[in-house]
Amino acid sequence: MQGFNVDTSHFLAGAVLVCSFALLYQARLFALLNVFAVQSMMLALAVGWQAHVQQAGHLYITAALALVMKGMIIPGALRRIVQNMKIHRTIETVVSVNLAMLAGVGLTILSIMVVFPIARMAGGLAREDLAFALTIILIGMLVMITRRNAISQIIGFMSLENGLILAATGAKGMPLVVEVSVASSVLIAFFVFGIFIFRIREHFDSVDVDQLSAKRGDVE
Amino acid sequence: MELIVGLFMQGLQMMLVLLVAPALVGLVRKVHARLLMRRGPSIFQPYRDLLRLTRKEALVAKNASWLFRVAPYLIFSSVWVASALVPTFATGLIFNWLADILAIVALLATARFAMALAGMDVGTSFGGLGSSREMTISSLAEPAMLMIVFTIALVAGTTQLSAIAGFMAHQPVGLRVSLGLALVSLVIVAVAENARIPVDNPATHLELTMIHEAMVLEYSGRHLALIEAAAATKLLLYMSLIICLFFPFGVATAEGALGAQFAGIVIWLVKLSIGALLLAFGETVVAKMRLFRVAEFLGVALVLGLLSMIFLFVLKGL
């Protein structure tokens, strides 16, 4: 039973990480939103499984939050935004996809190398979850760096937050208050982003954030 | 006596892969056509095509060198040997000690090398174009393949296919992310190596997209028959490889009773048919990629292979 528990946790955490790589690969907005939704659902499953294994009831709430908010509401809302604003649906990337994915693999190795020696005292599973979570956070940042489109930057930020939740569930004894406040801050961030997109769109007829560079004030 | 039975079993496998391969291609085409609401040719049409080609005159371009004439035989024989080594219905056949997964990759690489040379030999623009594309794709697919090999070798503790199939069939391997990723990666590599959609379209002669067909454009008659047979055998090989690595249940052993081996053949054929159905279905729902997207697609295979290895190390605790 122990082996099965570990295998399933490993599988679910790995699936969340693989979804992060899929985010790096996808070049279309709708597919990107779908991948993000899948990642959030996988995260919900992983958290739910942890709740079952650790016998921690409050983790079920976290799982439900991840499932409903990030698996359904946020991707749905972003989809509405893309449809209503007729945003160009292919995403321009700054570096090539292959390069970004190789950088992602590099980040994976880096975070494993960093986390494993530090978390030596923690159990095998918590250590692994921490390593994967750090990778997901770093890849979320990578998505934000390598994409020019504001919507995909939001997705990068949200997937970064998925990594935070994964880290929180791997470590035992995370109070529910913290999780709820993180979740609500993500929701607020989402609203801020929404307004931000409307503003960019109003001014530039595009959500390509490169257009903002011209307003920076420095001479080309 | 034991030696004779062993040789017979090995010979049976060699003949079986050769005989089943065209039917497999025919089945894929048939299912593909049915999914498009067409009737499609009979499953046995590839046999008729091959027969017709062998009866036809083999035309060779004036400036073709000996290489052009030798290449089909080289390609066919190396692919055939490679496919004879992959355990299909039984493990532990008499030549299985040779069946190292790296040896099979090397044999296939030899065939590809000969094919690329032959494509450039006559000096037409299409041949060179096809060869260069093929080499580009294989240079991306091969590292991914090596990552898969490493992952599986780390799990099973050996690179010998027969032993791996036995290990996967009888050991409780469990729910492994690494193996799942390696499977996806291997499927991508197999699609690319067999020139199927979305990497290449085997049914078209459109010069903008073709890769495999561009290289064999100059061939005719028995040469073309050999190349077509080799392509069909290669498809069978990759399917058998996926089956033997990831779904080896029901595989017989060479020492077992004859009945078990017969059952092994039936199970193998059923699994191949399922593979053909899935391939045809996949080819129907996916569109052909732009050539420049192919590099990204194969990059996914490489990254998945790398990830599967990393996951394995993580699980074993470094």
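Mentor: In H3(B), Pro72(B), Tyr73(B), Ile75(B), Phe76(B), Val79(B), Trp80(B), Ala82(B) and Ser83(B) meet His223(B), Leu226(B), Ile227(B), Ala229(B), Ala230(B), Thr233(B), Lys234(B), Leu236(B) and Leu237(B) of H9(B). Contact requires C-beta atoms, placed from the backbone, within 7 Å; helices are DSSP runs (H or I, at least four residues), numbered from the N terminus. This is a predicted model: local features need pLDDT of at least 70, side-chain atom pairs count only at pLDDT 80 or more, and totals for chains, interfaces and linings use all residues. Residues are numbered from 1 along each chain as its sequence is written, and chains are lettered from A and ligands numbered from 1 in the order in which they are written.

Trainee: How are H3(B) and H9(B) oriented to each other?

Mentor: Their axes, lines fitted to C-alpha atoms over the stretch in contact, come within 9 Å and cross at roughly 25°. Angles run from 0 to 180 degrees between N-to-C directions, and those under 35 degrees count as roughly parallel. H3(B) and H9(B) are therefore roughly parallel.

Trainee: Is Ala195(B) buried or exposed?

Mentor: Ala195(B), in the loop between H7 and H8 of chain B, has a positive phi of about 55° although it is not a glycine. A residue is buried with 20 or more other C-beta atoms within 10 Å of its own, and exposed with 12 or fewer. Because Ala195(B) has 21 such neighbours, it counts as buried.

Trainee: Which residue does a cis peptide bond join to Ile197(B)?

Mentor: The bond has an omega of about 10°.

How values were computed. Helices (H or I, at least four residues) and strands (E, at least two) are DSSP runs, numbered from the N terminus. Angles under 35 degrees count as roughly parallel, over 145 as roughly antiparallel, 65 to 115 as roughly perpendicular and the rest as oblique. Two residues are in contact if their C-beta atoms, placed from the backbone, lie within 7 Å.
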